[in-house]
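The following questions and answers examine a predicted model. Each answer reasons briefly towards the value or name requested.

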Amino acid sequence: MNPISMKSIVALGLAALLASANANAFDVPRKLGRFAGDVVDALAAQAVPATGTLEVGFSPKGGAESLVVKVIDSSRTDLKVMAYSFTSARVTSALLRALKRGVAVSIVADEKHNLGDGASPKAKAAFAALAEAGAQVRVIDAFAIHHDKVLISEGRHVQLGSFNYSEAAASRNSENVLVNWDNPALAKVYASHFARNWALAKPFRSPF
């Protein structure tokens, strides 16, 4: 797709969204976020240079949770978190330490799994503690499930894998964690994915 046709699609899409949302101005950001997601989904997969160092961990008893904590503890300025399940006391404690160091922490997590009926109260308590400590916490229900498990640290390091930030993932499940240290190009791609979902999410409101 050439730049002209892409600009035309974006312009037409934005015009249509604004027209359809004119009765409810507060709905415009959410509609724009969904449209941005549609544009991203229409693009081809991206090739990213293989660079930096890879580090892996597994669970149970294979260093997975410790590797996640290592990424958080290495952060000094900026940390973006994408999560499905969020009940790990170790991960929450590491994020609180990061906030105390002055790290800007932003979190997008699945709303239904963490805050819906039957959700663990540990997730609500973790989000409340993190928000109180200064983290920007949002929850999302725009998808069937928000199944990302990603850390983006310093705009350079990316943690991926199946590992939910949960006690079950650390102690009972077979899970994997992969960290690509020092790959800014990969971090940039994942930061764009984070930004799309951040735009679709809403601020966490503490129930306490």
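Q: Does R156 count as buried, partly exposed or exposed, and at what relative accessibility?
A: Buried residues lie under 20% relative accessible area and exposed ones over 50%. R156 has a relative accessibility of 36%, so this residue counts as partly exposed.

Q: Which residue does the side chain of R156 meet in a salt bridge?
A: The criterion is a side-chain nitrogen of Lys or Arg within 4 Å of a carboxyl oxygen of Asp or Glu. For R156 the N to O distance is 2.3 Å, and the partner is D182.

Q: How many residues apart in sequence are the parts that R156 and D182 tie together?
A: D182 counts as partly exposed because its relative accessibility is 34%. R156 belongs to the loop between β5 (150–153) and β6 (157–161), whereas D182 belongs to the loop between β7 (175–181) and α8 (184–200). The pair therefore ties together parts whose separation in sequence is 26 residues.

Q: How far apart are the closest N and O atoms of K70 and E55?
A: K70 counts as partly exposed at 40% relative accessibility, and E55 is partly exposed at 25%. These two residues form a salt bridge, and the closest N and O atoms are separated by 3.1 Å.

Q: Within what arc do the buried residues of α4 fall when seen down its axis?
A: The buried residues of α4 are V91, T92, A94, L95, A98 and L99. They line one face of the helix, because their directions from the axis fall within an arc of 160 degrees.

Q: Which residue caps the N-terminal end of α4?
A: The cap involves a side-chain oxygen that lies 3.4 Å from the backbone nitrogen of R90. This oxygen belongs to S88.

Conventions: Residues are numbered from 1 along each chain as its sequence is written. This is a predicted model: local features need pLDDT of at least 70, side-chain atom pairs count only at pLDDT 80 or more; totals for chains, interfaces and linings use all residues. Side-chain values use heavy atoms; hydrogens and water are left out. Buried means under 20% relative accessible area, exposed over 50%, partly exposed in between (1.4 Å probe, protein chains only). Helices (H or I, at least four residues) and strands (E, at least two) are DSSP runs, numbered from the N terminus. The arc is that of the directions from the helix axis to the C-beta atoms. A polar contact is a pair of N or O atoms within 3.5 Å; within protein, one must be able to donate a hydrogen and the other to accept it, and residues adjacent in sequence count only if both atoms are side-chain atoms.
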